[in-house]
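I opened this entry to keep a record of what I looked up, in the order in which I looked.

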Amino acid sequence: MSLPVYRHIHVRTDSIDELVALLSVELNIKNPVAFHLETLNSHQQKEMVGIIENFFDTENVSFKFPYPVYVISTLESSISNMPIVSAQEKLPKFYSQKEGRMNVKETHLALKNKLMNQEIKNVDPKLTRDNLEFFALEHRQIFELQQENSFYRTILQKMAKVKKRG
Amino acid sequence: MDRKKTGKIPDDIKGFEEFIEGEPDAHSFMGKGHPSKKEVSFEHFTFLTNDSDRLMKVRQLLVTKIPFIKRYSQGQTLIEKLGEEKLNLGNELFNQCEKQGSAYRKSLQEIFEIYFNPPKK
């Protein structure tokens, strides 16, 4: 049992087969993962990001939970849905911990976390994403309707005030 | 005069000698800032506890909240009600503006008079 700290994967060649061999459905179950693509050129980086993202999509595995998967690249973060950072120092500090031996109490806690990870892993990410997107869409509609209604209400109130004044 | 030189203690500082001079051998009871082995281990425990909280929240969202939202969604009902309210408010607003002598009509009348009525001499 080890601490859930970053697992750094350095991709130094543009070989697709090598990258595919590194990917598995259990990649982010035990710890967060950081793919280092910064040594490749931008075209190769784009291709690699596409392959990684496509893998998670086709296998119906989430790169957000149980542990996040990050890509360290010189590309703009907008080119992919995956979280992209420009340098290792910009990764969230939360998982940057010193590794060491765990005592009995900590091992028990880690085992409890492992069970939760398994439960989270069993959730269907596509279904979850669809549900969340639908929920967000509904609430955006509700917000817009509510704004429009409050605008009409303000006009009516102002008109009533003018009427009172004569 | 310096007390060390004379060996006498001035009357006004009697009883406060230790407080003024301090104890030469005194040292902080907190010790130096080197973390012990136990403290480092406690760091791990805190980290694991925080991670456990995070996982618990993610689990709650994915396993409890999202299925609940899907099953008992209030969104469509709210949208329908707000749509009805919007129609009613629109109608009310239109009726108010349409009335004879309404503020809207008066404003329009003023604008038309300015632009289309010949100036009175």
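How many residues of chain A are in contact with how many residues of chain B? I counted two residues as in contact if their C-beta atoms, placed from the backbone, lie within 7 Å, and found 37 residues of chain A in contact with 31 residues of chain B. On the chain A side, α3 (104-121) and α4 (125-165) each supply at least two of the residues that touch chain B, and α4(A) gives the most, with 18 residues.

Some conventions belong here. This is a predicted model, in which local features need pLDDT of at least 70 and side-chain atom pairs count only at pLDDT 80 or more, while totals for chains, interfaces and linings use all residues. Residues are numbered from 1 along each chain as its sequence is written, and chains are lettered from A and ligands numbered from 1 in the order in which they are written.

Next I checked confidence, using pLDDT (the predictor's confidence in each residue, from 0 to 100). Chain A averages 89, and 99% of its residues score at least 70. Among the elements of chain A, the lowest mean pLDDT, 85, belongs to helix α1 (residues 16-22), and the highest, 93, to strand β3 (residues 69-72).

I took helices (H or I, at least four residues) and strands (E, at least two) as DSSP runs, numbered from the N terminus, and let two strands pair if DSSP finds at least two bridges between them. In chain A, four strands form an open sheet in the order β1-β2-β3-β4, with parallel pairing; its edge strands are β1 and β4 (84-85), each of which pairs on one side only. Strand β1 (residues 7-10) and strand β2 (residues 33-36) of chain A are joined by four bridges, and A:R7 stands opposite A:V33.

Finally, I turned to chain B, which has five helices and zero strands. I noted that buried residues make up 4% of its 121 residues, a residue being buried if 20 or more other C-beta atoms lie within 10 Å of its own, exposed if 12 or fewer, and partly exposed in between, with C-beta atoms placed from the backbone.
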